[in-house]
Amino acid sequence: MDAVELQANLIELLHQARAEQQAMIDALTPQQRAAVGTPEHWAAKDVVAHVASWWRVQADRLRALAAGEAVHPLDDAEINRRNAETLARGREQSWEQVIAEARAAHDAQVAALQHIAAWQLVDTVIGTQPLWRSTLGNGFLHPQVHVTEFYRDQGDPERAAQVQEHASELLLRRLPIPQVQGIALYNIACAYATSGRPTEAIARLRAALPLDPAIVEWSRHDADLDSLRELPAFMALYAPSRKRR
């Protein structure tokens, strides 16, 4: 995949993330719209405000890089500070204001991604990640994770699995990059594991682990996979390989 095709596919994925967010908003009950979240359990409005804030961050990064300015990664303290401010501000705003901000942040991110030179997505590194990877993270992966978690918190694991499955299928089609495909397969595995589909979960996990070594270590401690840990088929995935004599 060349840089121009990568850029076009990222733009499409950003549009898909926004569509999924809007579908979540449209399906909210009056009680879900009126709910006030806590730091441990976010309400729907918290999710929309939080995702919008990171769409805005990525839009600002892309614009700065296109203008030749330096961009530096945020440390954990700054990330936590921004997240806390976003949640506090969002809870003071009306739904109409939060939705308008989300729409504007999405549009700004897409416009900035369209404007930047395609080669910059590959050649520019922020911290340890190429620019395309942080754009995929903030623009698509991050929103899908939060929509999935919202449905799970609402006691709807089937809907959560459907959202994650659709997002992962889009990744598999749009970005045939081993690391990304590993993430996509792993996310489907997590969705299946948390919705009572262990056989399918283990099959996707078996395909994901060889594609990205980082997934192997993460999966050893991921609570989403806890329902699988006592299954022989799961334990076999982590058994040391035996050399043939």
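Predicted model: local features only at pLDDT ≥ 70, side-chain atom pairs only at ≥ 80, totals over all residues.
Biologist: What makes the pair R81 and E78 a salt bridge?

Modeller: The closest N and O atoms of R81 and E78 are 2.6 Å apart. A salt bridge requires a side-chain nitrogen of Lys or Arg within 4 Å of a carboxyl oxygen of Asp or Glu, so the pair qualifies.

Biologist: Where do R81 and E78 lie?

Modeller: Both belong to helix α4 (residues 76-92), where they are three residues apart, about one turn of the helix.

Biologist: Why is R81 called partly exposed?

Modeller: R81 has a relative accessibility of 38%. Buried means under 20% and exposed means over 50%, so R81 falls in between and is partly exposed.

Biologist: What makes R152 and D224 a salt bridge?

Modeller: Their closest N and O atoms are 3.0 Å apart. The cut-off is within 4 Å, so this pair is also a salt bridge.

Biologist: Which parts of the chain does the pair of R152 and D224 tie together?

Modeller: R152 lies in helix α7 (residues 131-153), whereas D224 lies in the loop between α11 (213-219) and α12 (232-237), so the pair ties together parts that are 72 residues apart in sequence.

Biologist: How do you know that R152 and D224 are partly exposed?

Modeller: R152 has a relative accessible area of 25%, and D224 has 22%. Partly exposed lies between under 20% for buried and over 50% for exposed, so both residues receive that term.

Biologist: Why does the pair R220 and E217 count as a salt bridge?

Modeller: The closest N and O atoms of R220 and E217 are 3.7 Å apart. This value is within 4 Å, so the pair is counted. By this rule the count comes to ten salt bridges.

Biologist: Why is Q120 called buried?

Modeller: Q120, in helix α6 (residues 118-123), has a relative accessibility of 11%. Buried means under 20%, so Q120 is buried.

Biologist: Which residues are in contact with Q120, leaving aside its neighbours within four places in sequence?

Modeller: Q120 is in contact with L65, A66 and L131. Q120 and L131 are eleven residues apart along the chain, and their C-alpha atoms are separated by 7.2 Å.

Biologist: Why are α3 and α5 called roughly parallel?

Modeller: The axes of helix α3 (residues 44-66) and helix α5 (residues 95-115) cross at roughly 25 degrees. Angles under 35 degrees count as roughly parallel, so the term applies to α3 and α5. These axes come within 8 Å, and the crossing of α3 and α5 is left-handed.

Biologist: Which classes of residue make up the contact of α3 with α5?

Modeller: The contact of α3 with α5 has 16 nonpolar, four polar and four charged residues. Among them are W55 and L62 in α3, and W95 and L113 in α5.

Biologist: How do you know that α7 and α9 are roughly parallel?

Modeller: The axes of α7 and helix α9 (residues 178-193) cross at roughly 25 degrees. This angle is under 35 degrees, so α7 and α9 are roughly parallel. Their axes come within 12 Å, and their crossing is right-handed.

Biologist: Which residues of α7 and α9 meet?

Modeller: W132, R133, L136 and L141 in α7 meet Q179, V180, I183 and N187 in α9. By class, the residues of this contact divide into five nonpolar, two polar and one charged.

Technical notes. Residues numbered from 1 in each chain as written. Heavy atoms only, no water. Helix = DSSP H or I, 4+ residues; strand = E, 2+ residues; numbered from the N terminus. Buried < 20%, exposed > 50% of the residue type's maximum accessible area, 1.4 Å probe, protein only. Axes fitted to C-alpha atoms, helices over the stretch in contact; angles between N-to-C directions. Parallel < 35°, antiparallel > 145°, perpendicular 65-115°, else oblique. Left-handed = near helix turned anticlockwise from the far one by under 90°. Contact = heavy atoms within 4.5 Å. Nonpolar A, V, L, I, M, F, W, Y, C, P; charged D, E, K, R; others polar.
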